[in-house]
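Here are a few notes to read with the model open beside you.

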Amino acid sequence: MPDSQNSASRGGVRLARGASPWLLPTVATAALSLVRARRSGRWAAVAVPTTALAAGMLWFFRDPEREITQGRVISPADGVVQSIMPWKDGRTRVAIFMSPLNVHVNRAPLAGTVTSVEHIPGGFVPAFNKESENNERVVWHFDTELGDIEMVQIAGAVARRIVPYIPQGTKVEQGERIGLIRFGSRVDIYLPEGVEVAVEVGQATTAGVTRIDRS
């Protein structure tokens, strides 16, 4: 069933796909330290930070259900609008900064077909820094009712891997989960010429919920 039909009324919160390499070792270490803490004070001292770290990882990799907003273009990411910049070709770039406290699963801003998914190697400058333009990224293109829509997932200083969920050629519903960026990062979306931006710099966004364009 497409994510756009997975209503938040179910109250479900699952863990993000792609979290296992980070999550499993952390949770296993915490569980082992808790078991051994029953017999050793030294292990009790280890259990406290490892359990806290495991809890933090579970929180970070949460993937809550969302009731998808109706609109032409919706936010692909949880975060804060970092910049709104007109582009030379007439498009407008909306950059959304994602802190480690945000949900890091990204969603399709429109319904359509994924025409390309391109991984571009690069650095790991903090995503709020101007030099992050040269960071590792994944560039998406969607064929939609508004034409070609470009979306870019940008790795941050901590994020070392972007995990696309779907390949080129996939048809997606608006608000469907399409990928994960591990830890702090940024997502840019380019609105076509003539599409007015509805958000402002500093505004909080919720993936699948916040409308980016204005009617």
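1. Helices (H or I, at least four residues) and strands (E, at least two) are DSSP runs, numbered from the N terminus. By that rule, the protein chain has 2 helices and 15 strands.

2. A word on the source: this is a predicted model, in which local features need pLDDT of at least 70 and side-chain atom pairs count only at pLDDT 80 or more, while totals for chains, interfaces and linings use all residues. Residues are numbered from 1 along each chain as its sequence is written, and side-chain values use heavy atoms, with hydrogens and water left out.

3. Of the 215 residues in the protein chain, 47% are buried (under 20% relative accessible area, 1.4 Å probe, protein chains only). Take contact to mean heavy atoms within 4.5 Å. Among contacts between residues at least 6 apart in sequence, 71% join residues at least 24 apart.

4. Of its 35 residues, Val-94, Trp-140, Phe-142, Ile-178 and Leu-191 touch the most other members. Strands supplying at least two residues each include β4 (92-98), β7 (137-144) and β12 (185-191).

5. What does Val-94 contact, leaving aside its neighbours within four places in sequence? Its partners include Val-81, Val-187, Ile-189, Leu-191 and Ile-212.

6. Finally, have a look at Glu-65, in the loop between β2 (62-64) and β3 (79-86). Glu-65 counts as buried because its relative accessibility is 10%. The Glu-65 side chain makes a polar contact with the side chain of Arg-177 (3.4 Å); such a contact is a pair of N or O atoms within 3.5 Å, and within protein one must be able to donate a hydrogen and the other to accept it, with residues adjacent in sequence counting only if both atoms are side-chain atoms.

Notes
Buried means under 20% relative accessible area, exposed over 50%, partly exposed in between (1.4 Å probe, protein chains only). A nonpolar core is a set of buried Ala, Val, Leu, Ile, Met, Phe, Trp, Tyr and Cys residues joined through side-chain atoms within 4.5 Å.
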